[in-house]
Amino acid sequence: PEGATKEASDGSLPLHRACTLAPPEIVRALLEAYPEGATKRTGAGDLPLHRACGRRRVPLQVVRALLDVYPKGATKEDRTGWIPLHLACKSRVP
């Protein structure tokens, strides 16, 4: 649980990294340990939801878990002005 709050040099949390690589169970465990992590931005301005939506093949359960904890994240823009839905659409277009 304590490790869930540790920021990397780029400002990301374990949750940011887990949203692109880990199974949904890991993401849920990190959210349970540190729910505020869903609201934290990286140094590049990304929420965990931006990271999840910007990657192909991220399980829908990951996106749902993030939205359950921080629904307002769906309307938050990244530094380029994109909301997570924009990133999801872009990442799924071949």
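Me: Why does the radius of gyration of the chain agree with a compact globule?
Reply: Set the value against the rule. The radius of gyration is taken over C-alpha atoms, and the globule rule is 2.2 Å times the number of residues to the power 0.38. With 94 residues, that rule gives a radius near 12 Å, and the chain has 12 Å, so the two agree. Along its principal axes, the C-alpha trace spans about 35 × 25 × 20 Å.

Me: What kind of model is this?
Reply: This is a predicted model, where local features need pLDDT of at least 70 and side-chain atom pairs count only at pLDDT 80 or more, while totals for chains, interfaces and linings use all residues. Residues are numbered from 1 along each chain as its sequence is written, and side-chain values use heavy atoms, with hydrogens and water left out.

Me: What makes up the secondary structure of the chain?
Reply: Five helices and zero strands. Helices (H or I, at least four residues) and strands (E, at least two) are DSSP runs, numbered from the N terminus. Read from the N terminus on, the elements run α-α-α-α-α.

Me: Why is Pro84 called buried?
Reply: Its relative accessible area is 3%. Buried means under 20%, exposed over 50%, and partly exposed in between (1.4 Å probe, protein chains only). Pro84 has 3%, therefore it is buried. Across the chain, buried residues make up 40% of the 94 residues.

Me: What is Pro84 in contact with, leaving aside its neighbours within four places in sequence?
Reply: Leu49, His50, Cys53, Gly73, Ala74 and Lys76. Contact means heavy atoms within 4.5 Å. Pro84 and Arg51 are 33 residues apart in sequence, yet their C-alpha atoms are 8.3 Å apart in space.

Me: Which residues of helix 1 are buried, and what covers them?
Reply: In helix 1 (residues 14–21), Pro14, Leu15, His16, Ala18 and Cys19 are buried. Their cover includes helix 2 (24–33), helix 3 and helix 4.

Me: Why does Glu77 count as partly exposed?
Reply: Glu77 has 48% relative accessibility, which falls between 20% and 50%, so it counts as partly exposed. Glu77 lies in the loop between helix 4 and helix 5. Setting aside residues up to four places away in sequence, Glu77 touches Arg41, His50, Trp82 and Ile83.

Me: Why does Arg57 count as exposed?
Reply: Its relative accessibility is 77%, which is over 50%, so Arg57 is exposed. Arg57 is placed in the loop between helix 3 and helix 4 (60–69).

Me: What is the phi of Arg57?
Reply: Arg57 has a positive phi of about 65°, although it is not a glycine. Most residues other than glycine have a negative phi.
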